[in-house]
Amino acid sequence: MPLVNTENRYGSISKVFHWSVMLLIVTLIPLGIFANRLAHAAEVDPAAYGRQAAFWFSLHKTLGITLLALALLRILWTLTQTKPAPLHVERRVETFLAGTVHWLLYASLILVPMVGWVSHAASAGFAPIWWPLGQGLPLVPQSTAVKDIAGNLHIIFERVLVIALFLHLAGALKHHFIDKDATLRRMWFGRAELPDLSLSRHISRRSTGLAAVAVYVIALGVGGGMGLYRVEAAPVTTAAATSDTPRAGGEGNWQVQGGAINITVQQFGSPVEGQFGDWSADIDFDDATGTGAVEVGIDISSLSLGSVTDQAMGPSYFDAETHPTATFAAEITPAEADGAYLADGTLTLKGSEVPTSLPFTLVIDGDIAQMDGTLTLDRRDFGIGGDDPDPGYEVPVVITLTAQRGGA
């Protein structure tokens, strides 16, 4: 059996590519449906279904990347090969439709896993790809909007793939059982009796390619009509103290101008970075003595934690509905190192009050102060994910803050 294609038949390399890709497709589609159902179950009961959902989604994503690589190799190989002529070139409409379906399949084999990969790269955390090359993609930002749009495109393109696959399979079975010709047999291993097709004319690849593009344009239009590309603007939050914030030591002589509270959690062995978007701080500080007091209020529901944000808000984790606010009240004292300070107090989170010390550095330039602090919390101290079998109980917290003396 020849390795390369001829005018009459496919070579063994093309056959291996064809059946390998087919096997991956028929594995990935039901696997994705199964993993998606587990993910919905995990939203209700993350302890029971979260780990299963992550495992099956990781398998789906990893096989999807494998399909993308294999599809690219197959297409590159196809471009170097003679295309065997159709057995019934006189059936112009049927041959045209078959060529269009082939273009749809080729495009789908690239687009479906590619936009799935973009959706994964734009989010963080849940179900990592099993490889050592990192989870991101160049030029793809960490963005909920990008994640959602790419995820919706993944669904649209997958539907096109399923329809094209069904038509391709239906055509193959029609040739085999109704026409009783060698269309299917010549793609299988072994030699099939074939007529001489060396003088047969092919349908223009350009026309069938344009027909496939038209199908994708229609599919994208349908997705737009369903509102799948609509992005809701995220609410704008600030770090300035509000009138509802509990005051530490009076009205505070330093006003927050900006900053960030970032955390990093472990999700099935992969770090997931998050940030609280809505928090406030009231600061009394005497830079002459290096002493003072601070009280911070944090809106738990403002946490953005990649693709596991919704899960983090649930009862097993932050339980934002029952405990919507966290507070940190502390006394500020200078540390031994120059420019180093310690905020020693109590962190109240999810109903638990835990003694907490935050070491930080402080640089004051005139009436502007820049603070940077880091601490590590054990989430079990607050009853957050204590029953989760996944390791990674330590949660690094990085805080940056800029304040103005007496500012408004």
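Me: Which helix does Ile178 lie in?

Reply: Ile178 lies in helix α4, residues 144-179. Helices here are DSSP runs of H or I with at least four residues, strands are runs of E with at least two, and both are numbered from the N terminus. The model is predicted: local features need pLDDT of at least 70, side-chain atom pairs count only at pLDDT 80 or more, and totals for chains, interfaces and linings use all residues. Residues are numbered from 1 along each chain as its sequence is written, and side-chain values use heavy atoms, with hydrogens and water left out.

Me: Why is Ile178 called exposed?

Reply: Exposed means over 50% relative accessible area, buried means under 20%, and partly exposed is in between (1.4 Å probe, protein chains only). Ile178 has 62% relative accessibility, so Ile178 counts as exposed.

Me: What makes the nonpolar surface patch?

Reply: Leu169, Leu173, Phe177 and Ile178 make it, with about 420 Å². Patch residues have over 30% relative accessible area and no salt bridge; nonpolar side chains (Val, Leu, Ile, Met, Phe, Trp, Tyr) are joined within 5 Å, like charges within 9 Å. The areas come from the Shrake-Rupley method with a 1.4 Å probe, and for residues only the protein chains shown count as cover.

Me: How do you know that Lys174 and Glu94 meet in a salt bridge?

Reply: A salt bridge is a side-chain nitrogen of Lys or Arg within 4 Å of a carboxyl oxygen of Asp or Glu. For the side chains of Lys174 and Glu94 the N to O value is 2.9 Å, and they meet in a salt bridge. Lys174 is in helix α4 and Glu94 in helix α3 (residues 92-122), 80 residues apart, and the pair links distant parts of the chain. By this rule the count comes to nine salt bridges.

Me: Why is Lys174 called partly exposed?

Reply: Lys174 has a relative accessible area of 27%, so the term is partly exposed. Glu94 also has 27% and is partly exposed.

Me: What makes Arg380 and Asp378 a salt bridge?

Reply: The side chains of Arg380 and Asp378 are 2.8 Å apart, N to O, and meet in a salt bridge. Arg380 is partly exposed, at 45% relative accessible area. Elsewhere, salt bridges that share partners join Arg91, Glu94, Lys174 and Asp179 into one network.

Me: How do you know that the span of α5 is close to the expected one?

Reply: The expected span of a helix is 1.5 Å times one less than its number of residues. Helix α5 (residues 205-225) has 21 residues, and 30 Å is expected; from its first C-alpha to its last, α5 reaches 30 Å.

Me: Which residues of α5 are buried, and why are they said to line one face of the helix?

Reply: Thr208, Gly209, Ala211, Ala212, Tyr216, Ala219 and Gly223 are buried. Down the axis of α5, the buried residues fall within an arc of 160 degrees, so they line one face. The arc is that of the directions from the helix axis to the C-beta atoms. These buried residues pack against α3 and α4. The face turned away from the buried side carries the exposed residues Arg206, Leu210, Val217, Ile218 and Gly225.

Me: How many residues are in the chain, and what part of them is buried?

Reply: The chain has 408 residues, and buried residues make up 44% of them. Its secondary structure comes to six helices and ten strands.

Technical notes
Contact means heavy atoms within 4.5 Å.
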